[in-house]
Amino acid sequence: MTIWRLVMHEIRHRRLNFLLSLLGVAVAVGSVVAAEVLMSRERQVTNAILSRKQIEVEQTMTARQKDVAEAGAALQDVMRKTMRELGFNILILPEAQDLSELHLNGTLSETMPESYVSKLASTSIVTVNHLLPTVTQKVRWNEREIDVILHGTRGEVPILHASEKKPLLEAVPAGKMVVGCEIHRRLSLKVDDRVTFRGREFTISRLHPERGSTDDVSVWIDLAEAQELLGLQNLIHAILALECECAGDRITQIRAEIREILPGTQVIERYSQALTRAEARGRAKLAAEEALDKERQAGAAALESESASRAALESSHEQLASVLVPVGILSAAVWVGLLAFSNARQRCAEIGILRAIGLRASQIQRVFLTRAVLVGFGGAAPGILCGLILGQIFAERSELVPEASRLIDSGTLNIIAFSLVMAPVLSVVAAWLPAALVARQDPALVLQLD
Amino acid sequence: MLVELDQVSRTYPTQRSVVRAVQEVSLTLDAGQFAAVCGPSGCGKSTLLLIVGGLLRPDSGIVNVAGQQPYHLSPDARAAFRASQIGFVFQQFHLVPYLNVLDNVLAPALAVPHSDALDRAQQLLQQFGLSHRSRHVPAALSSGERQRVAMARALLNRPQLILADEPTGNLDRANAAGVLNSLKDFAESGGAVLLVTHDDDLADRADRVIRMLDGKIV
């Protein structure tokens, strides 16, 4: 005969009381676990929503950044090509060149040695990126009976100290001719047409679109051929320096630098209105970057707003749970205590005789507390199971449950462990007073009553 | 002397007055003696039994049982003393309703565990003709069987003294005779029996009759 056997027999005998006690503990534990499962699922949903939003924002930003980068690259390319005509270009001319000739006719008459280009390219000049030696002269295209501006160009001369750059202007190969819009329209020229220009055969390699400038009445051929046609061997009219870093006040610096290298020359800035356009393009790029930045900030703000909204929702649910769960636990404790009192009252005579035959008060108390521990564990197990199931059901009803979510996360595991410890403790605490009272009752009183 | 009471008194205070249940009672009981305390209801005989059994502290006087003064012991020591020295038999049997016959007989072993408790219990059940009922709960037994279970329980720890309060009150003549014979057998084997009854015929079968009236031995 053992206390355990006594307890088990008593539980079987008064199973309704025991089952009601189990129910009380199970409801309390179930509500705690279900609340935790719901909270946990809510946290998982929050994390899933925020992760999804984060990914969306990042994808959007990546796409935007790519768009901006592509647009920027395209803009840079456009700029690079446009600069040739409109950019921060300078012309290096013989000092004696009358600029009014250039501005009025678009042609030049004074020359300088072609070697100037090489000389300039071999220096450590840093303000110039591309050098283009040219001859430019208004001539009669006798064979077609029209006046044209002839440009001879040999392509860009590489600057020795600088890293190799993509040329802004493609050279015209020998025997080829590039024709301006007005000329090819008037003469009905097409690419690959063969023409004779001042007694020399050329093949049309390219037709320029309308530019609204002297380019429309110009033809471009190889520099050496142009020099021969014009009798200007080893001479050039000008050096076109492209993509100069000569915007603003730096034109003064570049003039001084070039004059020192190439004495007897003058430097003029062409198409300075390009500066405004370039700045406008720069501003457009900046605006795009600012828009991108704003979009990034808006994405972050939306993410923060969603996070705050979810946090508020979770907080309200946690507040509700922080009230309901203790009330549930307290109610269960009171319920278990009342049932323990009822059990103790029913067992007065039995406890009296056990005390009479020699059981100590501590043994009687152990009988009741062992029963309470069994109530705690016995109620916690189904309570945990029901809590998990109910929590899952409610979570699935009320929220979009992420696929990767887990039913039991670390928070839920902690609550399960907590419940397994707290349920027996709570049950023992609830049964302590009735156990103490019944253990200390006077057995003589019970026997006398009978 | 197994039991010695010297000038023992016990009162019960009520709202209006004090009931003097036992007044300056002195008596002795030797081992092997079967004594019956008889008297009308309310004369204090059950109170006297509880005092001797170490269950009810007297207001005054000295109680000595088996060489010990139980009321000088701590509650736990007194409980252990009861378990080892005294067996109780009551009119209402006071069996634990959810324990079977064998477990009821074994219940005192919770207080004084001993290795041969099961053998002793089975031997007692055989002695009282209850072996075939060992797995039955009290509700399935007759009154006579229940009182025999109570007798077996009282004898499990081999006590020196049996205190019996109206043990035959709920029994028919045959079962009453059986219980009485068992008590006599216990006394003849060297134990002492203090039987409380209001039945003079029953008391007459004891070795010694102690008559009480208004809390006093007369």
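This is a predicted model: local features need pLDDT of at least 70, side-chain atom pairs count only at pLDDT 80 or more; totals for chains, interfaces and linings use all residues.
Reader: Why is the pair of Trp141(A) and Phe197(A) called edge-to-face?
Author: Rings of Phe, Tyr and Trp (its six-membered ring) pair if their centres lie within 6.5 Å, and planes under 30 degrees apart count as stacked, over 60 as edge-to-face and the rest as tilted. The ring centres of Trp141(A) and Phe197(A) are 5.3 Å apart and the planes stand at 75°, so this pair is edge-to-face. The pair links distant parts of the chain, with Trp141(A) in strand 3 (residues 130-141) and Phe197(A) in strand 6 (residues 194-197) of chain A, 56 residues apart; helices (H or I, at least four residues) and strands (E, at least two) are DSSP runs, numbered from the N terminus.

Reader: What makes Trp141(A), Phe197(A) and Phe202(A) one aromatic cluster?
Author: Phe197(A) pairs with Trp141(A), and Phe197(A) also forms an edge-to-face pair with Phe202(A), at 6.3 Å centre to centre and 70° between the planes. The three residues form one aromatic cluster, and a search of the whole structure finds three aromatic pairs over all chains.

Reader: Why does Phe197(A) count as buried?
Author: Buried means under 20% relative accessible area, exposed over 50%, and partly exposed in between (1.4 Å probe, protein chains only). Phe197(A) has 0% relative accessibility and therefore counts as buried, and Phe202(A), at 0%, counts as buried as well.

Reader: Why is Thr134(A) called buried, and what is in contact with Thr134(A) beyond its neighbours within four places in sequence?
Author: Thr134(A), which lies in strand 3 of chain A, has a relative accessibility of 12% and so counts as buried. Contact means heavy atoms within 4.5 Å, and, leaving aside neighbours within four places in sequence, Thr134(A) is in contact with Gly152(A), Thr153(A), Leu223(A), Ile236(A), His237(A) and Ala238(A).

Reader: Why does Phe418(A) count as partly exposed?
Author: Phe418(A), found in helix 11 (residues 410-439) of chain A, has 43% relative accessibility and therefore counts as partly exposed. Phe418(A) and Val32(A) are 386 residues apart in sequence, yet 9.9 Å apart in space, C-alpha to C-alpha.

Reader: What makes helix 1 of chain B mostly covered?
Author: In helix 1 (residues 45-52) of chain B, seven of the eight residues are buried, namely Lys45(B), Thr47(B), Leu48(B), Leu49(B), Leu50(B), Ile51(B) and Val52(B). Gly54(B), whose phi is positive, near 70°, follows this helix.

Reader: How do you know that the charged end of Arg347(A) sits over the ring of Phe368(A)?
Author: A charge sits over a ring if NZ of Lys or CZ of Arg is within 6 Å of the ring centre and within 35 degrees of the ring normal. The charged end of Arg347(A) sits over the ring of Phe368(A), 4.6 Å from its centre.

Methods. Residues are numbered from 1 along each chain as its sequence is written. Chains are lettered from A and ligands numbered from 1 in the order in which they are written. Side-chain values use heavy atoms; hydrogens and water are left out.
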